[in-house]
Amino acid sequence: MSTRQIAVVGHCCLDLIPTFGSTTGATEALLLPGKLVHVGPAHFATGGPVSNVGLTLHRLGVPPLLLGKVGDDQFGRVLLDLYRSYDPLLAAGMIVASGEPTSYSVVINPPGVDRMFLHCPGANDTFGADDLAGVSLESVRILHFGYPPLMRRIYANDGRELVALLERIRAQGITTSLDMARPDPDSEAGKVNWRVFLQRVLPLVDVFLPSFEELLYMLDRSQFEHLHALRREGDLSVLADSALLNLLAEWCLEAGAAMVVLKLGEQGLYLRTSRAKDRLAQAGNGMPDDLDAWRGRELLAPCFQANVAGTTGAGDATIAGFLTGLLNSQSPEETMTTAVAVGASSVEALDASSGVPSLALVQERVVAGWKRCPVAISLPGWRWDTAAGLWYGPGDQAAIQDTSR
């Protein structure tokens, strides 16, 4: 594990996926008391960001250190064996908690019906800063933490445990990265004051990578519910204007993050970075060499066209691509392109990572002229660059300097 430069920490689980025939019927009809439903063989798959981000990094050729927590039960052994099937070292850093259950999800996905999940949080709920005590991070340059809203001890007390963990990591000069998840509004996590949580945590986060919907839910619940009501009525243009993206990102930067990367689903990836050179300089040894190139940036990278087989874990794969770009000291433009290219590769398989080839093959496909998808977001004041395949925002310092010459 001495050469592992990216550690992936946080939520992990085992997914149990029964197979359904075309005549199984709707979900409502399945969940009737006393009903026997015939299904096909079940598949076991790894789930959560530790699995999705970690295995995507592995496929890209960036060996990760996986630091999730499982129980000493049968599901835990299955999950660790799945990691070992990719590389024996992938299971070496995993934490095995005696007497605790391993997190698992039963994925109910009959044809023609939205998926339903039965989820047991298991050992994720007891994960804390002390679980990393004694873990060697000597070679680690970037530590990515995923899904605090699905880990009770991590989100409790306005994120006190996560603050302790990130403080310990940053003291070692490691760049910190954080992804979120949208909690069930009726759950304990759904009642957390996420604004307060983020205000405490973001000063310790160098790269913040939530989805647009997750961040909107946490910062403006009423706006989130309004946009979802429009979606239910058939209006799918949730991202009506780039001004909303900028507003959300600016809040996070003012709260203390060095850069904000918003995952936009089929609309691509949005980047906003701090204008303060000192903040970027404090972001740890996983940052690119040319920090000036990253200061005050506003970019939007459209998705690449893909033959979509499944979108599970596409956001996690995109994160793996972004972190790989940072680690390889790519420019912001190159990093954004790498991120959406890896994300597009991931959707060409049913799971999160098996559709992703090596980084070299991803880059070859981009250079060969891989076509981008159109963006439906309103972008007033933005400039399209055909060579880069990116949109440059009105707040992008590099674009402003270029046009002023």
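1. A residue is called buried when its relative accessible area is under 20%. In this predicted model, Thr56 has a relative accessible area of 0%, and it is therefore buried. Thr56 lies in helix H2, which covers residues 49-60. Not counting residues up to four places away in sequence, Thr56 touches Ser51, Ala317, Ala320, Val342, Ala352, Ser353 and Val356. A polar atom of the Thr56 side chain also lies 2.7 Å from the backbone oxygen of Asn52.

2. Turning to the helix as a whole, 10 of the 12 residues of H2 are buried, so H2 is largely enclosed by the rest of the structure. The buried residues are Pro49, Val50, Ser51, Asn52, Val53, Gly54, Leu55, Thr56, Leu57 and Leu60. The length of H2 can be checked as well: at 1.5 Å a residue its 12 residues should span 16 Å, and this agrees with its end C-alpha atoms, which are 16 Å apart. Just after H2 comes Gly61, which takes a positive phi of about 95°.

3. The structure as a whole holds zero disulfides.

4. The next point concerns aromatic rings. A pair of aromatic rings is described by the distance of the centres and the angle of the planes. The count comes to nine aromatic pairs. One of them joins Tyr217 and Phe224, which are edge-to-face, with 5.3 Å from centre to centre and 90° between the planes. Tyr217 and Phe224 are both buried.

5. The rings of Trp294 and Phe322 have their centres 6.2 Å apart and their planes at 80°, so this pair is edge-to-face. Trp294 lies in the loop between helix H9 (277-281) and strand S14 (298-301), and Phe322 lies in helix H10 (residues 314-327), so the pair ties together parts that are 28 residues apart in sequence. Trp294 counts as buried at 0% relative accessibility, and Phe322 is buried, with a relative accessible area of 0%.

6. Other ring arrangements also deserve a look. Tyr155, Trp194 and Phe197 form one aromatic cluster. Arg365 lies over the face of Trp370, at 3.7 Å from the ring centre, and the charged end of Arg383 sits over the ring of Tyr392, 4.8 Å from its centre.

Notes
Residues numbered from 1 in each chain as written. Predicted model: local features only at pLDDT ≥ 70, side-chain atom pairs only at ≥ 80, totals over all residues. Heavy atoms only, no water. Disulfide = S-S within 2.5 Å. Helix = DSSP H or I, 4+ residues; strand = E, 2+ residues; numbered from the N terminus. Buried < 20%, exposed > 50% of the residue type's maximum accessible area, 1.4 Å probe, protein only. Polar contact = N/O pair within 3.5 Å; in protein donor to acceptor, adjacent residues only side chain to side chain. Contact = heavy atoms within 4.5 Å. Expected span 1.5 Å × (residues − 1). Phe/Tyr/Trp six-rings, centres within 6.5 Å; stacked < 30°, edge-to-face > 60°. Lys NZ or Arg CZ within 6 Å of the ring centre and 35° of its normal.
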